[in-house]
Amino acid sequence: MTRRAVVVGTGHYLPKRVVENAEFEASLDTSDEWIRSRSGIERRHFAAEGETTSDMATEAALAALKDAGLEASDIDAIVLATSTADLTFPSAATMVQAKLGMTSGFAFDVQAVCAGFVYALTNANALIVSGQAERVLVIGSETFSRIMDWTDRATCVLFGDGAGALVLEAQTLAGSKEDRGILSTDLNSDGRYKDLLYVDGGVATQNTGHLRMQGNQVFRHAVEKLAKTASTALERADLSTADVDWIVPHQANIRIIQGTAKKMGLPMDNVIVTVQDHGNTSAASIPLALSVGKSRGQIKPGDLIVTEAIGGGLAWGAVVLRW
Ligand code: UT7
């Protein structure tokens, strides 16, 4: 028998304001056609003034707790993936802890940019498997609209805000690849590529800074690294792409999503796609896609899922789980 981290609840939150591609045409030399054809994005949500990463994370967490039929007091730990925490410190996770009324347990942020949720899931899994927690809220929440350079058409049209959350629960299962829960993980980073995607501000500059990206360079790395990490994670679980019901990829660009599925030998019918409606929400994109995929009736109990993501660092990875 083995301790597994099983998903028992999902939820998400999207801010009210929806911005269609055409809105950018007024202020930038861009077009709906360019954004759609190069990225697959049609619209994105932006947080309201004063609405923060921890606010959105709390909404997503409450939805996931409701879905799981649990209270905040049933949770031992919060692992929050974000690169846009409300403040430099304390962590956004501790702010969520307070907003949920949790007075016990522990909470921390994980910062691996767009790969953040895969890193957070891996950490949460380790906490559960090692017996340090029974139930963990794993959240991805981002307000990338606060770090955009609105004069840079190559980046500001691509990102959006939002949050998604899962409740993971320890269950003692057979220890076979048929078990529900997280079956394997694979994490990677290579800091030599730090200049391909970064924010030019922070503690060192004493300002928040703006996102800078050499998009076509990141693109070049993405498909190959994502397909490789997905296949490594599948091998670790003694599974292959033939066993996969859903790829739930980081939602940055439809061409990366399609290219990765093709390289893995799976049709787009097996891929959850939300990039058209959310844009790139960084660490929030995978939990958003999982929650939306479940509410659309696509993801069902027992389905085998591979999540994969790459982003600034470069950092990338994959998680294989059975729903
Ligand atoms: O989530 C974290 C990881 N990030 C990613 O995965 C993003 C990866 N990269 C991408 O998604 C794509 O590279 C982009 C969508 C960012 C760009 O697509 P691309 O096909 O790689 O285009 P490009 O950067 O090579 O630019 C092509 C042209 C350039 O013009 P010239 O130099 O060919 O004349 C750009 O200046 O498109 C121009 N361009 C635009 N034109 C209209 C760049 N942004 C825009 C824009 N509207 N918004």
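Leu314 sits in the loop between strand 12 (304–311) and strand 13 (315–322), strands being DSSP E runs of at least two residues and helices H or I runs of at least four, numbered from the N terminus. A cis peptide bond, with omega about -10 degrees, links Gly313 to Leu314. This is a predicted model, in which local features need pLDDT of at least 70 and side-chain atom pairs count only at pLDDT 80 or more, while totals for chains, interfaces and linings use all residues. Residues are numbered from 1 along each chain as its sequence is written, and side-chain values use heavy atoms, with hydrogens and water left out.

Another cis bond joins Phe89 and Pro90, with omega about 5 degrees; Pro90 belongs to the loop between strand 4 and helix 3. Most peptide bonds are trans, and most residues other than glycine have a negative phi. Val113 has a positive phi near 50 degrees and is buried, at 19% relative accessible area. Gln206 also has a positive phi, near 60 degrees, but is exposed at 75% (buried means under 20%, exposed over 50%, partly exposed in between; 1.4 Å probe, protein chains only).

Gly69, with a positive phi near 70 degrees, follows helix 2.

As for the ligand, one of its oxygen atoms lies 2.6 Å from a side-chain N or O atom of Asn280, and a polar side-chain atom of Thr30 is 2.7 Å from a ligand nitrogen.

Definitions and conventions
A polar contact is a pair of N or O atoms within 3.5 Å; within protein, one must be able to donate a hydrogen and the other to accept it, and residues adjacent in sequence count only if both atoms are side-chain atoms.
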